[in-house]
Amino acid sequence: SESDADTVDLEGLGYTKFQISCMCAVLFIFDIFINVDHGAIPAAQGNVEELKIPTTTLGHFGSLVFFGVSCGSIFSANIVGKVSWKTILLTSLLGNGIGLFLYSCYSNYYILGFGRAFSGFNQVFLLIYIPLYIDAFADKKSKSMWMSAALLCSPIGTMIGFGITAIMIS
């Protein structure tokens, strides 16, 4: 028998197991898609040489997203506990979209860099929220399966980015 600490009263929260499974699936899809650019940018490196962007600059742009994730991690602990998960997800997805828009539509080095870092800053809320959501809502029997699936999202998204870019540049 499971202890009270290992179970969540899904009915008391107003969520069914189906709703929770759907939410996990949606979070996983978001997690995959926020990682697509991590593969797309390195895969496109050969084609951006014609733009005369130095390799070190491309390296800066590649690392700025992780700088943003690091900075976002500092703030996320305070925000996740105080703001509803719906607000966190919608705001972070909107912020990620704005960062990607800036990175894809402007040619100014500083705007490009800000777009990458801002995108990473907003990704952290989804990256941190998924394990918390799984821990809070998954039943004990399926927690490890859901956690394993969540860990696959980042490399899958990166591989999709490599694949899409390879198709686009060939």
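The protein has eight helices and zero strands, where helices are DSSP runs of H or I with at least four residues, strands are E runs of at least two, and both are numbered from the N terminus. Read from that end, the order is simply α-α-α-α-α-α-α-α. Keep in mind that this is a predicted model, so local features need a pLDDT of at least 70 and side-chain atom pairs count only at pLDDT 80 or more, while totals for chains, interfaces and linings use all residues. Residues are numbered from 1 along each chain as its sequence is written, and side-chain values use heavy atoms, with hydrogens and water left out.

Let's start with the overall picture. Of the 170 residues, 36% count as buried; buried here means under 20% relative accessible area, exposed means over 50%, and partly exposed is in between (1.4 Å probe, protein chains only). The protein exposes about 10100 Å², and carbon and sulfur atoms supply 69% of that; the areas come from the Shrake-Rupley method with a 1.4 Å probe, and for residues only the protein chains shown count as cover. Take the contacts (heavy atoms within 4.5 Å) with a separation of 6 or more: 81% of them are between residues 24 or more positions apart.

Now to helix α8, which covers residues 143–169. Its 27 residues reach 40 Å from first C-alpha to last, close to the 39 Å expected at 1.5 Å a residue, a figure worked out as 1.5 Å times one less than the number of residues. Even so, α8 bends by about 30° at Cys153, and Pro155 follows within four residues. That bend is the angle between axes fitted to the seven residues ending there and the seven starting there. Cys153 is also one of the buried residues of α8, a list that includes Trp146, Ala150 and Gly157.

Lys143, in turn, forms a salt bridge with Asp135, with the closest N and O atoms 3.4 Å apart. The rule asks for a side-chain nitrogen of Lys or Arg within 4 Å of a carboxyl oxygen of Asp or Glu, and the structure holds one such bridge. Both partners are partly exposed: Lys143 at 24% and Asp135 at 49% relative accessibility.

What about disulfides? With a cut-off of 2.5 Å between a pair of cysteine sulfur atoms, the count is zero. For Cys22, the nearest cysteine sulfur is that of Cys24, 9.7 Å away. Cys22 is partly exposed at 32% relative accessible area, whereas Cys24 is buried at 3%.
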